[in-house]
Amino acid sequence: MVSVLHSVDTSHEDVIHDSQMDYYGIQLATCSSDRTVKIFEIKNGTQRPVTTLQGHEGPVWQVSWAHPKYERILASCSYDKKVIIWKEHVGQWSKIYEYDDHDSSVNSVCWAPHELGLILACGSSDGAISILTHKGENEWEATKILNAHHVGCNAVSWAPAVIPGSLIEPPSASRPTTFPKMLVSAGCDKLVKIWREVDGRWVEEHKLENHSDWVRDCAWAPSVGMPGNKIASCSQDGRVIIWSNDGTPGSQWTSTVLHKFDDVVWHVSWSLTGDILAVSGGNNKVSLWKEGVDGEWTRISDVLRGSQNSADIAA
């Protein structure tokens with residue numbers, strides 16, 4: 001049974017769109033239509049406001065923490081077409097980089113696995129995906145995947161930096177020995193797409209078709225080195241789909257409908273071990289699903305979400 005451990009009164013003046021705990025589960029970042037990002041320290045059941053970050057000129061849709069290997073860095077994206085990267089130094093937060101090369105709302109930001117470097121993927125309503133790579137000091141290099149989704153990109157998620165099957169199988173000629181740069185994206189064109197960097201260029205490796213309306217979110221499952229890959233996607237059509245393959249280069253993806261909900265499904269998120277999926281939808285509930293040894297998915301818990309101006313922490 002999952003229950004709400006702590007509810008954080010954020011004092012946001014409008015709807016909260018995203019909330020993310022940092023790597024250590026100590027700091028919580030939230031963002032809202034009030035154009036701000038707020039950071040809180042969560043410790044021993046208490047909350048302490050750390051700072052309010054102001055710099056966006058429209059609703060802020062999403063936040064993403066970088067791995068602590070790169071110190072305390074947070075990215076945010078907004079309806080104002082901008083991505084802002086913030087950094088803490090000696091207890092003070094400041095903007096270290098602003099990216100404004102999109103023509104429409106930036107809907108999603110996601111940091112790559114730390115093994116690949118300090119790299120941020122950004123998905124926009126203009127249909128493009130930008131890849132921002134840190135080159136040292138405050139220098140960033142931007143690469144853009146144009147027309148990734150011709151009606152707009154709603155979400156991006158990186159593949160884990162783990163070679164599928166590496167936990168139980170020794171390296172072989174048929175399996176890669178280096179981590180590829182791969183990500184998955186979801187769009188208003190009803191498609192889920194998988195991208196791979198090849199010789200410095202991003203190419204579309206697979207186009208996954210099974211949704212009948214806008215795909216609102218996608219999430220590549222973390223891996224501990226077991227064979228295969230898993231991706232979850234959710235859509236305006238009320239369905240959550242699990243896509244999987246055997247992890248070998250070029251292998252085809254198969255789809256399994258996890259569940260058909262009665263309302264739009266907004267968000268999917270994996271547990272750290274990649275065996276439990278959280279699903280958030282228009283019914284104001286978060287449901288947790290677990291895959292059995294027979295490959296069947298079972299709902300193991302439901303959590304009722306809090307108010308639009310508070311952030312809940314469950315366990």
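Select Tyr24 to start: at 53% relative accessibility, Tyr24 counts as exposed (exposed means over 50% relative accessible area, buried under 20%, partly exposed in between, with a 1.4 Å probe and protein chains only). The model is predicted, so local features need pLDDT of at least 70 and side-chain atom pairs count only at pLDDT 80 or more, while totals for chains, interfaces and linings use all residues. Residues are numbered from 1 along each chain as its sequence is written, and side-chain values use heavy atoms, with hydrogens and water left out.

Tyr24 sits in the loop between β2 (16–21) and β3 (27–32). Strands here are DSSP runs of E with at least two residues, and helices are runs of H or I with at least four; both are numbered from the N terminus. Accessible areas come from the Shrake-Rupley method with a 1.4 Å probe, and for residues only the protein chains shown count as cover.

**The whole chain**

Zoom out and colour by secondary structure. The protein chain has 26 strands and zero helices. Of its 315 residues, 49% count as buried. The chain exposes about 15,000 Å², and carbon and sulfur atoms supply 48% of that area. Among contacts with a separation of 6 or more, 47% are between residues 24 or more positions apart; a contact means heavy atoms within 4.5 Å.

**The core**

Next, select Val83, Ile85, Trp111, Leu120 and Leu132. These have the most contacts inside the largest nonpolar core, which has 17 residues. A nonpolar core is a set of buried Ala, Val, Leu, Ile, Met, Phe, Trp, Tyr and Cys residues joined through side-chain atoms within 4.5 Å. The elements that give two or more residues to this core are β7 (73–78), β8 (83–89), β9 (92–99), β10 (106–111) and β11 (119–124). In soluble globular proteins, nonpolar side chains tend to be buried together.

Centre on Leu120. Which residues does Leu120 contact, leaving aside neighbours within four places in sequence? They are Ala75, Val83, Ile85, Val109, Cys110, Trp111, Ser130, Ile131 and Leu132.

Move to Ser64, in strand β6. Ser64 is buried, with a relative accessible area of 11%. Not counting residues up to four places away in sequence, Ser64 touches Ile73, Leu74, Ala75, Val109, Cys110 and Trp111.

Then select Ser124, found in strand β11. At 0% relative accessibility, Ser124 counts as buried. A polar atom of the Ser124 side chain lies 3.4 Å from the backbone oxygen of Ser104. Beyond four places in sequence, the residues that Ser124 touches include His102, Val106, Asn107, Gly152 and Cys153.

**Salt bridges**

The structure holds 16 salt bridges, each a side-chain nitrogen of Lys or Arg within 4 Å of a carboxyl oxygen of Asp or Glu. Side chains of opposite charge can pair when their charged atoms come close.

Show Lys82 and Glu57. They form a salt bridge, the closest N and O atoms being 3.4 Å apart. This pair links distant parts of the chain: Lys82 is in the loop between β7 and β8, and Glu57 in the loop between β5 (46–54) and β6 (60–65), 25 residues apart. Are these two buried or exposed? Lys82 counts as buried at 14% relative accessibility, while Glu57 is exposed at 52%.

Now go to Asp275 and Lys290, a salt bridge with its closest N and O atoms 3.1 Å apart. Asp275 lies in the loop between β22 (265–270) and β23 (276–281), and Lys290 in strand β24 (residues 285–291). Asp275 is partly exposed at 32%, and Lys290 counts as partly exposed at 34%.

**Positive phi**

Finish with two backbone positions. Arg35 has a positive phi of about 75° although it is not a glycine. Arg35 is in the loop between β3 and β4 (36–43) and is partly exposed at 44% relative accessibility. Glu137, also not a glycine, has a positive phi of about 50°. Glu137 is in the loop between β12 (129–136) and β13 (139–145) and is exposed, with a relative accessible area of 75%.

Definitions and conventions
Polar contact = N/O pair within 3.5 Å; in protein donor to acceptor, adjacent residues only side chain to side chain.
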